[in-house]
Amino acid sequence: MASERYNAPAREKHWRKVWQQAGLHRANNHDSRPKCYVLEMFPYPSGRIHMGHVRNYSMGDVFARYKAAKGFNVLHPMGWDAFGMPAENAAMEHKTHPGTWTLANIATMKSQLQSMGLSLDWSREFATCDVAYYRHQQKLFLDLYTKGLAYRKSSRVNWDPVDHTVLANEQVIDGKGWRSGAEVEQRELTQWFFKITAYSDELVEDLRTLENWPDKVRLMQTNWIGRSEGMLIRWALEKATAPASQSELQVYTTRPDTLFGASFLAIAPDHPLAIAAAKNNPDLAKFCDNCRRAGTTAAELETAEKHGFDTGIRAVHPLDKDWLLPVWVANFVLMDYGTGAIFACPSGDQRDLDFARKYDLPVVPVVLPAGEDAATFAITNTAVEGGGTMINSRFLDGSTPEQAFETVADQLSGEVLAGQPVGQRQINYRLRDWGVSRQRYWGCPIPFIHCDDCGPVPVPDDDLPVVLPDDAEFDKPGNPLDRHPTWKNVACPTCAKPARRETDTMDTFVDSSWYYARFTAPDAATPIDQDAAQYWLPVDQYIGGIEHAILHLLYSRFFFRAMCDSGQLKTKLREPFKALFTQGMVTHETYKSEGGAWLLPTDIKIEGEGKARVATELKSGAPVTIGGIEKMSKSKKNLVDPDDILEHWGADCARWFMLSDSPPERDVIWTESGITAAGRFVQRVWRLIDEVAERAVAPGTKQPDQLGELAADLRKSAHKTLDSVATSIESLRFNVAVAQIYEFTNSLSAATSKQSQGLDWALRDSAEILVQSIAPMMPHLAEECWARLGYNTLVANQPWPEADPALLVDDKITIAVQVNGKRRDELTIARDAAKDEIERAALALPSVARILDGRQPKKVIVVPQRIVNVVG
RNA sequence: GCGGACGUGGUGGAACUGGUAGACACACAGGACUUAAAAUCCUGAGACUUAACCGUCGUGCGGGUUCGAGUCCCGCCGUCCGCACCA
């Protein structure tokens, strides 16, 4: 008996070499097996992998390996989201080229990932900063431009004063830049945009087809796109009060039913009518100016109090020519949503009500909530935003708001103002076009040349790629491309006059919007190889963090459609990711020194249990405060280095722990005892297999005709495990699969000390099943065990064993027996026993008879194979 | 403010369409082996009551539906997440 401990790190190296030499994980684009494309979100090469990566990639790998065992041709690639700001910042700090920094990080992280034993096809690896990748992205950009899906416009943009770049709305969090954390300013710049709004409706509608996406993500995208159904209504302005150039005001509303509760109109400070009116009104001009200044940061906007200014302009109510309403400029009206103008019904909208109360404007209730009396009902300081019955609304009285909406919409659509319908139904979206220009060096250059005569000219295909210059200087803030004369100044491709290159580069979210497609044929001469894409897409299982629920996933869904519609991708598909899984974070306890500094877990020592746990600094012995459990982060130093874990415990142990206990979508707490337990299990499996290998029959031995009870039970439990582990992995419930394997290991372990007819055969059968069950999760250990069981094949090449259906059902089962709904006893009976037979057996139980105490049961409910409930 | 998710032992968590709550693991306690420790193996354990069996209570709180509720419905409380003047 080999009683040596299993030396995981050493053996793992060996098996990885064997796999690599066997070319085990290379995916073939031409294969008759059904395909399965498994993808985890590719990492940003920040320096070293962290535990979040370990968790993410462990999950994907289990799925990929399992699918391969199930007979699928699996594509499981890896690459690098390699453009972006940190490289440029590092270049500034350390005087290295961003590319040098990035490639060094990639080398480190690749070797780290390789030591995890992931079944990745490294032959398809690429980084988005490779010219071979981004040249195709430039082609895609030009195709989008040709299709009208990429365009330039001047717009007010979010400007990050620290990073000196423009940010998308999605990259502004609480008014601050998502990377720099600096207060974002508003600036007017000409920028490149992708027309994502052309797909607003489709992007929200098709979420319904994404049945294997988390509801949470679909809901977040729905809210982000923000579809609303309403009306455009045109209000005539009273001539005497309006600026000469303005005769009407168009508002967008979702509540035309509340028109009779209208109290005033409000327009944004940037609205053309406001600007026109301000020309002859210095006070108004000053007010608008103040609004703009106050509104420079989104954070201030959120807390800003409502302010207004009566322009003196009067508008005619569309349903009553004699009814004039004042037009106010209000700071809470947004120029870039709807028409930048609203009509206010204070009784039905809290914001309008707040405003009306402040400036003493009329408040007329028009919706009477259920249970209120029309005679006494009054609005105080809470608007009625729910349903009810229309009141004070003339011909709408008595109907529901929904009916009133229809009535008003129909009527206003039929009426005419200056030759146009007064109202029309309109669907609005919160989603805005995606600004992709970034004033940075380390990104994909936008392939355009600006000519004073010809305007922006696309770089001709033959001149692609536009390659980043290597000799840029990073010693000051701002865009190095903009101050690189030899790169920037070129001849216009159309007229040959001196012209300038576009110096903006693309948002890195463009890079990650199509990498999954490039993986299907990473060396193709065109961006996409149609055959490969046809074969592999969509991604069957995509796995990544919830933090990408909106940005990356929405952009990718858009870009996929844009590639289809611009002809680069010929497919009937509309969605790139068939199934999505968002895994939880890795968390850890935090530690603080007396001085308030965060401490690494490796710098402290913990003694005692539970509430008596006391931590001290290793070096000084100084007391340490044990803090809360939080997401692992550099700033709080509650980090565990994957390298340390892999070197000490091995990859299998780390993987197993990451998959145990916590449901994958929830956060997992990294604990010392957790990794220790996983390590214990690794050794236990090895000992157990070793023991079985000593005793069991030779590989390939035929099943004996007769199995003793114990042997038969063990075999049953093995096949049940096989079946349930498969189901758990299919549904990505790895923690459940782990528990099922633990349970089976306990049974197998117990059986080794027993005797039974055919047990030596059953032990081998069960041991092999155990090894194959753990293989997707602990692939190295499984190989070692497979070899120990006498095979010279690779378990990674073995098909997933088919569970024998006959073994999955028991002929005798145990069901609970309740009396008046309380469990009193249990009953073991033939699985197919008839109802009356079960009833008789249940009533015969002493415990049941005792409680009934001679009384006749009123009723007996028998659910075969489940339960008996005696009602007495 | 709006929208959503979640709440189960000391801890992480399990429980298929309502049908034996607490699988599995951690931590803990006792025992075996050992000079001792580590490692390993065995045993115990939701709470209360009891010598033990029995019994009672028990899935955040309060109601309800049902023969039967962790699971379904209504109302609260708490935690977390997303959006945030989107008309």
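Biologist: Which residue is the bridge partner of V490 in β24, and what makes two strands count as a pair?

Modeller: In β24 the bridge partner of V490 is A499. Two strands are said to pair if DSSP finds at least two bridges between them; β23 and β24 (residues 498-501) have three bridges in the antiparallel sense, and therefore they qualify as a pair. This is a predicted model, in which local features need pLDDT of at least 70, side-chain atom pairs count only at pLDDT 80 or more, and totals for chains, interfaces and linings use all residues. Residues are numbered from 1 along each chain as its sequence is written, chains are lettered from A and ligands numbered from 1 in the order in which they are written, and side-chain values use heavy atoms, with hydrogens and water left out.

Biologist: What is the order of the strands in the open sheet of four, and what makes a strand an edge strand?

Modeller: The order is β22-β21-β24-β23, with antiparallel pairing. An edge strand pairs on one side only, as β22 (455-458) and β23 (489-491) do, and the twist from one strand to the next averages 40°, where axes are lines fitted to C-alpha atoms (for helices over the stretch in contact) and angles run from 0 to 180 degrees between N-to-C directions.

Biologist: Why is F519 called buried?

Modeller: Buried means under 20% relative accessible area, exposed over 50%, and partly exposed in between, with a 1.4 Å probe and protein chains only; F519 has 0% relative accessibility, so it counts as buried. This residue is found in the loop between α15 (515-518) and α16 (530-536), where helices are DSSP runs of H or I with at least four residues and strands runs of E with at least two, numbered from the N terminus. Contact means heavy atoms within 4.5 Å, and, leaving aside neighbours within four places in sequence, F519 is in contact with residues including Y37, L39, P77, R124 and F126.

Biologist: Why does T253 count as buried, and why is A750 called partly exposed?

Modeller: T253 has 7% relative accessibility, so it counts as buried, whereas A750, with a relative accessible area of 35%, falls in the partly exposed class. T253 lies in β9 (residues 248-253) and touches G230, M231, I233 and F343, not counting residues up to four places away in sequence. A750 is found in helix α22 (residues 734-751).

Biologist: What makes the pair between the T253 side chain and the backbone nitrogen of R255 a polar contact?

Modeller: A polar contact is a pair of N or O atoms within 3.5 Å; within protein, one must be able to donate a hydrogen and the other to accept it, and residues adjacent in sequence count only if both atoms are side-chain atoms. The backbone nitrogen of R255 lies 2.9 Å from a polar side-chain atom of T253.

Biologist: Which residues touch the most other members of the largest nonpolar core, and what makes a set of residues a nonpolar core?

Modeller: A nonpolar core is a set of buried Ala, Val, Leu, Ile, Met, Phe, Trp, Tyr and Cys residues joined through side-chain atoms within 4.5 Å. Of the 175 residues in the largest one, F194, Y515, Y516, W670 and M777 touch the most other members. Apart from that core lies another, of 46 residues, among them M231, A262, A274 and F343.

Biologist: How many residues surround RNA strand B?

Modeller: There are 51, a residue being near a strand if one of its heavy atoms lies within 4 Å of it, and the closest are T254, Y337, R351, R733 and R866. Of the atoms of RNA strand B that come within 4 Å of the protein, sugar and phosphate account for 62%.
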